[in-house]
Amino acid sequence: MKWKTPQWLWAGVLAFGLLPLAAQAADQAPDASAQIEAQLDKKFAEGKYSPKGADTCLKCHDAESDKPATGIFHNVHGNNGVPGSPMSDLQCEACHGPVGNHARNPRKGQQREPMITFGKESPVPVEKQNSVCLSCHSKEADKMGWHASTHAVEDVSCTSCHALHVEKDPMLDEKKQAETCVSCHPKEKSDLHKRSSHPILNGDMQCSSCHNPHQSQNEASLKQPTVNENCYECHAEKRGPFLWEHEPVTEDCALCHNPHGSINQSLLDKRVPQLCQECHRVPHANVQIPEGDLKARGGSCLNCHNQIHGSNHPNGRALRE
Ligand code: HEC
Ligand code: HEC
Ligand code: HEC
Ligand code: HEC
Ligand code: HEC
Ligand code: HEC
Ligand code: HEC
Ligand code: HEC
Ligand code: HEC
Ligand code: HEC
């Protein structure tokens, strides 16, 4: 941070010094985060927002400072032409709250004005952080059922996925999204690097091709109501209907496939024949298959039962044609 000339300090004092909470910040409650929350509550209740202040803030938070804030001007939140965007109204304070004396006394360790900050290190409770976003995005959030979603229930903040001061939000960046998701989902991270996987690492697909992490309507936060409906979205040929169905296929594709990745071909949970023998312990108990045939086919189930997802052939009951 380049500490600017005293004039800037004055600008800060003039802009914010009149806000009333400086004295309150001196009350040292034992629990810092409870104290900050109480003060924020009070500020919210009083509706004490200072007038537009981005210019003042940018005197210290310009591109060269070590806490730059200028990235936001590359996205909708920094665009004062977008109706309802923060920059068209309360500007920086729409999200950070009334920052009051911060501009006069910004250093850690000194007396600091309580301010809304975001991320893991922030003393502001996650629910309060999210309430800032929801003050503008509650309609979308309610429609999707955000409040009952796994992520909301697990206290995941909006900003552990979304970033606001960057040119492109990683959630909307096809190359960066998965990286952010797997930072909390190590199992999926390792699956993605296995021999067979959906083309996610190269950015052709995203986690959000299948999931909507905001919502609670569907199992596993899928965009479709069931696993199979999700798969049919892109693998429509597997939907059937088939004259001869293979029961587990119509029931749940994930009985055999791991959508995130597998060390086996075709995202299969297990190798054939072990996969088949999980359910068909002693195949051919009721039918005589000539020994020579089995040998000639290398004994591999799929060499004969090659219509494993279902068959429309009149003689296809055994999924062989
Ligand atoms: C006089 C310079 C100055 C001005 C003006 C200023 N800041 Fe800061 N700000 C700083 C400094 C220095 C820090 C780093 C403080 C620290 O590391 O504890 C900081 C930190 C921050 C942080 C991060 C706090 C944290 O805990 O991580 C936010 C958010 C912030 N400022 C927002 C604003 C906003 C919004 C404005 C305008 C309303 C503003 N600042 C105006 C100097 C300033
Ligand atoms: C739409 C909400 C929003 C608005 C508007 C906004 N911020 Fe932020 N700010 C955030 C979030 C969220 C973070 C946490 C980091 C991130 O997501 O990029 C943050 C982080 C910061 C930080 C800390 C950066 C760091 O390196 O630790 C500063 C400083 C800051 N903002 C200043 C500002 C200034 C100055 C403005 C006005 C020009 C502003 N913010 C407008 C949401 C906002
Ligand atoms: C002052 C109102 C306001 C606040 C506060 C606000 N947003 Fe927004 N946000 C908007 C508007 C307006 C848009 C553009 C909406 C549109 O295009 O339909 C937007 C768009 C977005 C988008 C889509 C971006 C894009 O490029 O399409 C995301 C993601 C988002 N906001 C997340 C957040 C998060 C996370 C927070 C809290 C840190 C937040 N917003 C706080 C008003 C706000
Ligand atoms: C677990 C990660 C995650 C969390 C937490 C999260 N989001 Fe998102 N958000 C996403 C992803 C991924 C997308 C992109 C969806 C897509 O491309 O279909 C998105 C898209 C959006 C959009 C743009 C929607 C559109 O249709 O253009 C907005 C607005 C938004 N999020 C707001 C929020 C708000 C507000 C919160 C907190 C209440 C939040 N998000 C929490 C991952 C997340
Ligand atoms: C900050 C950490 C964090 C981030 C980032 C994150 N998640 Fe999660 N996610 C969790 C936690 C915690 C749970 C609940 C425990 C679990 O299932 O691991 C969860 C659960 C889930 C579930 C299971 C939901 C259900 O209804 O059963 C899915 C699917 C998921 N996350 C997808 C995503 C996607 C997609 C992204 C990126 C867009 C993402 N997550 C980003 C923390 C995170
Ligand atoms: C091709 C679709 C698809 C893609 C892409 C996808 N998922 Fe999934 N995911 C699923 C399905 C289907 C399930 C439910 C699996 C089941 O029922 O066994 C699931 C389940 C999950 C779960 C819950 C796992 C559990 O054990 O409860 C998490 C977490 C998850 N996905 C995270 C991610 C992340 C992170 C990404 C991006 C790296 C991602 N998914 C990409 C389809 C997908
Ligand atoms: C958003 C589209 C989409 C969805 C949804 C989807 N897939 Fe895929 N799937 C693809 C693409 C793209 C490929 C790669 C095709 C290629 O490489 O030719 C693929 C490939 C596959 C493969 C072959 C992998 C390999 O290594 O050869 C299997 C198996 C598969 N998907 C199963 C599923 C299952 C099961 C589901 C549901 C849980 C599902 N897919 C959902 C798009 C999707
Ligand atoms: C009983 C186990 C099983 C179930 C259930 C299953 N599959 Fe498969 N799937 C396989 C096997 C075995 C292969 C490898 C076929 C081969 O190599 O000839 C495969 C291959 C695939 C492939 C890649 C090759 C191709 O045929 O395009 C896709 C895509 C696929 N399955 C999608 C699905 C979908 C979608 C579902 C659910 C509707 C599903 N699978 C259910 C066993 C299964
Ligand atoms: C999750 C359990 C499960 C898995 C895994 C599974 N099947 Fe099946 N399969 C069934 C069920 C249930 C039926 C229908 C009931 C029956 O006839 O046993 C069936 C039916 C069949 C039939 C038709 C039987 C008939 O004449 O009606 C064949 C052939 C078959 N499976 C082959 C395979 C092969 C080959 C594999 C491995 C690629 C496999 N199955 C994997 C559960 C499974
Ligand atoms: C040489 C070809 C061949 C191979 C290899 C083969 N099958 Fe078969 N399978 C058949 C024939 C032929 C039938 C009887 C078809 C009929 O009744 O019309 C059959 C019937 C079945 C049936 C239904 C009847 C029953 O007894 O349950 C199942 C299940 C089955 N096979 C599973 C498997 C599995 C699992 C493997 C791999 C371990 C396998 N098959 C390998 C040819 C083969």
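The site of the iron atom of ligand 2 is octahedral, with angles of 86 to 179° among its six donor atoms. Six donors count as octahedral if opposite donors are over 155 degrees apart and all others between 65 and 115. The model is predicted: local features need pLDDT of at least 70, side-chain atom pairs count only at pLDDT 80 or more, and totals for chains, interfaces and linings use all residues. Residues are numbered from 1 along each chain as its sequence is written, chains are lettered from A and ligands numbered from 1 in the order in which they are written, and side-chain values use heavy atoms, with hydrogens and water left out.

The protein donors of the iron atom of ligand 2 are H96 (NE2) and H165 (NE2), which lie 2.0 Å from it. H96 belongs to helix α5 (residues 93-96) and H165 to the loop between α8 (158-161) and α9, so the pair ties together parts that are 69 residues apart in sequence. Donors are N, O and S atoms within 2.8 Å of the metal (3.2 Å for Na, K and Ca); water is not among the atoms, so sites may look incomplete. Helices (H or I, at least four residues) and strands (E, at least two) are DSSP runs, numbered from the N terminus. H96 is partly exposed, at a relative accessible area of 24%. H165 is partly exposed as well, at 37%. Buried means under 20% relative accessible area, exposed over 50%, and partly exposed in between (1.4 Å probe, protein chains only).

The iron atom of ligand 7 has H198 (NE2) and H235 (NE2) as protein donors, 2.0 Å from it. This pair links distant parts of the chain, 37 residues apart. H198 sits in the loop between α10 (186-192) and α11 (227-234), and H235 in the loop between α11 and α12 (247-251). The arrangement around the iron atom of ligand 7 is octahedral because its six donor atoms subtend angles of 88 to 179°. H235 counts as partly exposed because its relative accessible area is 38%.

H284 (NE2) and H305 (NE2) coordinate the iron atom of ligand 10 at 2.0 Å. H284 is in the loop between α13 (274-277) and α14 (291-296), and H305 is in the segment after α15 (301-304), so the pair ties together parts that are 21 residues apart in sequence. Angles of 87 to 179° are subtended by the six donor atoms around the iron atom of ligand 10, which makes the arrangement octahedral. Ideal angles at a metal are 90 or 180 degrees for six octahedral donors. Relative accessibility is 35% for H284, which is therefore partly exposed. H305 is partly exposed, with a relative accessible area of 23%.

The largest nonpolar core has seven residues: A178, C181, V182, L192, I200, M205 and C207. Helix α9 (residues 177-182) supplies the largest share of this core, three residues. A nonpolar core is a set of buried Ala, Val, Leu, Ile, Met, Phe, Trp, Tyr and Cys residues joined through side-chain atoms within 4.5 Å.

The second largest pocket holds about 170 Å³ of space. Its lining consists of V126, E127, N130, S131, L134, W146, H147, H151, A152, D155 and V156. The elements giving two or more residues to this lining are α6 (126-144) and α7 (150-153). α6 gives the most, with five residues. By class, the lining has five nonpolar, four polar and two charged residues. Grid points are joined across faces, edges and corners, and a volume is the space filled by probe spheres set on the points. Ala, Val, Leu, Ile, Met, Phe, Trp, Tyr, Cys and Pro count as nonpolar, Asp, Glu, Lys and Arg as charged, and the others, Gly among them, as polar.

Backbone geometry was also examined. A cis peptide bond joins G240 and P241, with omega about 5°. P241 lies in the loop between α11 and α12. Another cis peptide bond joins V272 and P273, with omega about 10°. P273 lies in the loop between α12 and α13. S221, in the loop between α10 and α11, has a positive phi near 50° and is not a glycine. S221 is buried, at 12% relative accessibility. L319, in the segment after α15, has a positive phi of about 55° although it is not a glycine. L319 is buried, with a relative accessible area of 8%.

Technical notes:
Tetrahedral: all angles 85-135°; square planar, octahedral: opposite > 155°, others 65-115°. 1 Å grid on protein atoms, 1.4 Å probe; cavity = no way out; pocket = protein on both sides within 12 Å on 5 of 7 lines; lining within 4 Å.
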